[in-house]
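Visitor: I am new to this structure and would like to understand the words used for it. Could you show it to me first?

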Amino acid sequence: MDAQMKRGMIEICILSLLAKGDSYGYQLIKDIGPILEISESTLYPVLRRLESASCLTVYSVEHNSRLRKYYAITEEGRKKIAGFLEEWKEIYKIYQFISQASEEAKEAFAMTRKEYMDALAEALSFLSEEARDAALAFYDEMMEDSIEDGMTEEEAVAAMESVEDIAAKLRDEEGKPEEKKENSGAWTYEEKKAVYPASSLNAIRIRARDCAIRFFPAQDDQITLIYHTCKEDPYALSCQDGLLSLECQSAHRSWQKGFSFSFQGGFQINWKASGPPPIALHIPVDALLDLDLGTQNSAIRGEGLSALCAVTLATSNARISLENMSCKSLQLQSSNARLELINVSAKQFIQGDTSNGRIEASKVSAAEELTLTTSNGRFQAEEISVKGLLNFTTSNGNIALQCIQAGEIRLRTSNGKIQGALPGKQADWAIESATSNGKNNLPKHQAGAKPLTVRTSNGNINLLFEE
């Protein structure tokens, strides 16, 4: 927006707020903030200008042993609002003319969310798999947040930058010169493959660094491990007493971008990206195994395994995604990224922890406990079944629930709302609930058979019961 126009808009916004009632500086910034970007240094001269023009008056009121300045609109200020509205009737006519003329063009180029994401994926093909996945997840989350905020899918897509602009910016970012570092040349990776009968192993342990890990069903009864190694980035493989172990031996990396292939003397990859190709684990669907997989700065994904025992997955700055999986117990640890669980079950417990990322759980079940924790991220949970404790904790994010079954429920957040539907009657639950600066449709205390603890601050609690 033009700077002069913005100043005029801020003046009218201030007067419009004061027309509803007297206010003070800090509150004016809070009220105008969602509409126009404004700071203390912007507000002060505008208030002085309006006072000089006799559009408002100033008076002081004692507050917490100090004097707080309040501003009140004058008749001159009300005339200024009326004049603004009259001017904008003409401007709105021009806007309608332009808008109607371009309506057909808008409809011709409208995209669905899937079409947009497919086009973006194709436009970002120059990125490594890991970088592309991270970028797509970011833009998809932006659209999802817009839809959750009340936009239609079409409006959310239209509000996004064009696919071409996003691709151009990321391409420019990829092309920026990097600092010169040791080992800045391309590293030549060699693919390694290890194959073992499933019956010979009872546990797999992987410790990688800056390398994604994938595990999925094998086509036979063999366990196949595929990884890539080189002189600068060595891995140590061992198999002893039923434990298959793969461990990264390098302590530092310095990646470049781009890649090339060589088939001289065997299959090799000259990899210059954010890390080597992902480590791939092919496991028979019914294999009884403990999995202990860890990496850094890279995603972990698993799917389609139904007989795993104890599963422990850990990474940082990247997501963990699981789908169509059953195990005895499940522990997840990440940071600055989301956790995604779809059609996942555990005979004992599921525990997951991340930060600065949302948690999505759909069709998840556990016998003893389901505990998921994040910060600065929202919860979306549906079709959850836990015989014991269901415990969701976050901060600065909403918690939304649908179709939840649990013996005990604990929901905690701050600066976010808690909403959804719970099974049975409200009278079935022993309720402890509290919020501040928000509405609460639950009683603060209520006796019942099953414990329900719900706490937030600066947000509403709106939990309904199915009966």
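Visitor: What makes Y59 partly exposed?

Guide: This is a predicted model, in which local features need pLDDT of at least 70, side-chain atom pairs count only at pLDDT 80 or more, and totals for chains, interfaces and linings use all residues. Residues are numbered from 1 along each chain as its sequence is written, and side-chain values use heavy atoms, with hydrogens and water left out. Buried means under 20% relative accessible area, exposed over 50%, and partly exposed in between, with a 1.4 Å probe and protein chains only. Y59 has a relative accessible area of 32%, so Y59 is partly exposed.

Visitor: Is Y70 buried or exposed, and why?

Guide: The relative accessible area of Y70 is 18%, which is under 20%, so Y70 is buried.

Visitor: Why is the pair of Y59 and Y70 called stacked?

Guide: Rings of Phe, Tyr and Trp (its six-membered ring) pair if their centres lie within 6.5 Å, and planes under 30 degrees apart count as stacked, over 60 as edge-to-face and the rest as tilted. The ring centres of Y59 and Y70 are 5.8 Å apart with their planes at 15 degrees, so this pair is stacked. The pair links distant parts of the chain, since Y59 is in strand β1 (residues 56–63) and Y70 in strand β2 (residues 66–73); strands are DSSP runs of E, at least two residues, numbered from the N terminus.

Visitor: What makes the pair of F84 and W88 tilted?

Guide: F84 and W88 are 5.6 Å centre to centre, with 35 degrees between the planes, so the pair falls among the rest and counts as tilted.

Definitions and conventions. Helix = DSSP H or I, 4+ residues; strand = E, 2+ residues; numbered from the N terminus.
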